[in-house]
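Keep the 3D view open as you read.

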Amino acid sequence: MLPSVIVFSNNRFTVHQMLLCVKMNSAVYKVLFVLGLIALIHGGYSAAQYRRFIRITEQEYSSLPMDVFVQCLVSLILTMYGVVHIAGEFREIRANIQLENKTWETAGNRPSFYIFSHRGRNLSPNYNTSDGGCGH
């Protein structure tokens with residue numbers, strides 16, 4: 001059970017205030033994500049506009065201007081930071097959980113590789129071809 005009052009260095013916070021603070025933080029990350037996305041779109045538009053300007057003036061293209069490059073890089077980092085915090089806590093991916101209780105025989109079982117129409121039927125003296133076999 002959560003205590004109704006949490007004390008941090010002589011400041012008293014209720015659980016409701018703490019949850020409100022967490023919700024506010026997620027809103028801040030959403031705003032960071034949206035601002036980063038808008039800035040990233042603007043940086044892409046600026047890069048396209050610069051390329052169009054270079055073609056119209058028939059200059060040779062060498063690279064993007066540094067301000068457009070920095071804007072795209074910073075907005076990409078800002079967008080990724082917002083997305084990572086909006087998504088919540090990451091959990092460990094453990095592929096061996098499903099395989100912990102299986103033996104090698106069941107783990108290595110591949111029913112799609114079963115072949116019933118093979119040359120072994122020709123080597124068997126008890127093989128009956130009248131039950132729908134190929135009849136060699």
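A polar contact here is a pair of N or O atoms within 3.5 Å, and within protein one of the two must be able to donate a hydrogen and the other to accept it. Keep in mind that this is a predicted model.

**Serine 75 and its helix**

With that cut-off in hand, look at serine 75: a polar atom of its side chain lies 3.5 Å from the backbone nitrogen of leucine 40. Serine 75 sits in helix α2, which runs over residues 66-87. Is serine 75 buried or exposed? Its relative accessible area is 2%, and because buried means under 20%, serine 75 counts as buried. Leaving aside residues up to four places away in sequence, serine 75 touches Gly36, Ala39 and Leu40.

α2 has 22 residues and reaches 32 Å from its first C-alpha to its last, close to the 32 Å expected at 1.5 Å a residue. Its buried residues are Val68, Ser75, Thr79 and Gly82. Those four cover an arc of only 65° around the axis, which puts them on the same side of α2. On the other side of α2 you'll find Met66 and Val74, both exposed. Just after the helix, glycine 88 takes a positive phi of about 100°.

**Rings**

How many aromatic pairs does a search of the whole structure find? The search turns up two. In the pair formed by tyrosine 29 and tyrosine 81, the ring centres are 5.9 Å apart and the planes stand at 70°, so this pair is edge-to-face. Tyrosine 29 belongs to helix α1 (residues 15-56) and tyrosine 81 to helix α2, so the pair ties together parts that are 52 residues apart in sequence. Tyrosine 29 is partly exposed, with a relative accessible area of 21%, and tyrosine 81 is partly exposed as well, at 40%.

There's a charge to look at too: arginine 51 lies over the face of tyrosine 61, at 4.2 Å from the ring centre.

**Two more links across the sequence**

| Residue pair | Separation in sequence | C-alpha to C-alpha distance |
|---|---|---|
| Valine 34 and leucine 78 | 44 residues | 9.3 Å |
| Histidine 42 and glutamine 71 | 29 residues | 8.7 Å |

**The loop**

Finally, have a look at glutamate 58, which lies in the loop between α1 and α2. What is the phi of glutamate 58? It is near 55°, a positive value in a residue other than glycine. Most residues other than glycine have a negative phi. Glutamate 58 is exposed, with a relative accessible area of 72%.

Definitions and conventions
Residues are numbered from 1 along each chain as its sequence is written. This is a predicted model: local features need pLDDT of at least 70, side-chain atom pairs count only at pLDDT 80 or more; totals for chains, interfaces and linings use all residues. Side-chain values use heavy atoms; hydrogens and water are left out. Helices (H or I, at least four residues) and strands (E, at least two) are DSSP runs, numbered from the N terminus. Buried means under 20% relative accessible area, exposed over 50%, partly exposed in between (1.4 Å probe, protein chains only). Contact means heavy atoms within 4.5 Å. The expected span of a helix is 1.5 Å times one less than its number of residues. The arc is that of the directions from the helix axis to the C-beta atoms. Rings of Phe, Tyr and Trp (its six-membered ring) pair if their centres lie within 6.5 Å; planes under 30 degrees apart count as stacked, over 60 as edge-to-face and the rest as tilted. A charge sits over a ring if NZ of Lys or CZ of Arg is within 6 Å of the ring centre and within 35 degrees of the ring normal.
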